[in-house]
Amino acid sequence: MNIPRILSSISLLLLFVSGISLAAPAAYRIDMAISRDGSLIGKPAIVAEADAEAEIRDENPLKPDEGFRILVTVSPLDAEQGGKESLKLKLTFFGRLKGNWVQRAERSVTTLSGQFVSLSFPAKPPETDGKTYDLVVAINRAEAAALAPK
């Protein structure tokens, strides 16, 4: 039995396994321009891991029937076009009714990194007095370090 050879093999195996666990997941910067009834109300940006749900929320406790909540997930697809990554964008949009979140719609679209996607979320029953929200979304690959807590 060759102890130095066994220890060397174990060391190489540990380096290989630790290299796998240190590999950072893909991260995406999601930029949005949000309009309510035709007026721009914000330009939030978030960074999220691939296939992980991220949330953007706007609410005012003094106005319980205003505000919105957006759940967003970005998933990379295998295809590329012209050097741009193909992505699946899933958005779930919520409005407010009597202080409670009401899901308006869930949309999924396929897009390319850096390309702008426009989506509209009008009010629907029971939220009949709600506002129409329009979103313009662009997604780009982000540094995985942007996900690290600061």
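User: Which side chain does the side chain of E85 join through a polar contact of 2.7 Å?
Analyst: That polar contact joins E85 to Y28, where a polar contact is a pair of N or O atoms within 3.5 Å; within protein, one must be able to donate a hydrogen and the other to accept it, and residues adjacent in sequence count only if both atoms are side-chain atoms. This is a predicted model, in which local features need pLDDT of at least 70 and side-chain atom pairs count only at pLDDT 80 or more, while totals for chains, interfaces and linings use all residues. Residues are numbered from 1 along each chain as its sequence is written, and side-chain values use heavy atoms, with hydrogens and water left out.

User: And what joins the side chains of E85 and R141?
Analyst: A polar contact of 3.0 Å joins the side chains of E85 and R141.

User: Is E85 buried or exposed?
Analyst: E85 is buried, its relative accessible area being 14%; buried means under 20%, exposed over 50% and partly exposed in between, with a 1.4 Å probe and protein chains only.

User: Switching topic, which strand is E85 found in?
Analyst: E85 belongs to strand β6, residues 84-97, strands being DSSP runs of E with at least two residues, numbered from the N terminus.

User: How many bridges join β5 to β6?
Analyst: There are 10 bridges between β6 and strand β5 (residues 63-81), and the two run antiparallel; strands pair if DSSP finds at least two bridges between them. L71 stands opposite T92 in β6.

User: What's the strand order in the open sheet?
Analyst: The order is β4-β5-β6-β7, 4 strands with antiparallel pairing, and the edge strands, each pairing on one side only, are β4 (54-60) and β7 (100-112).
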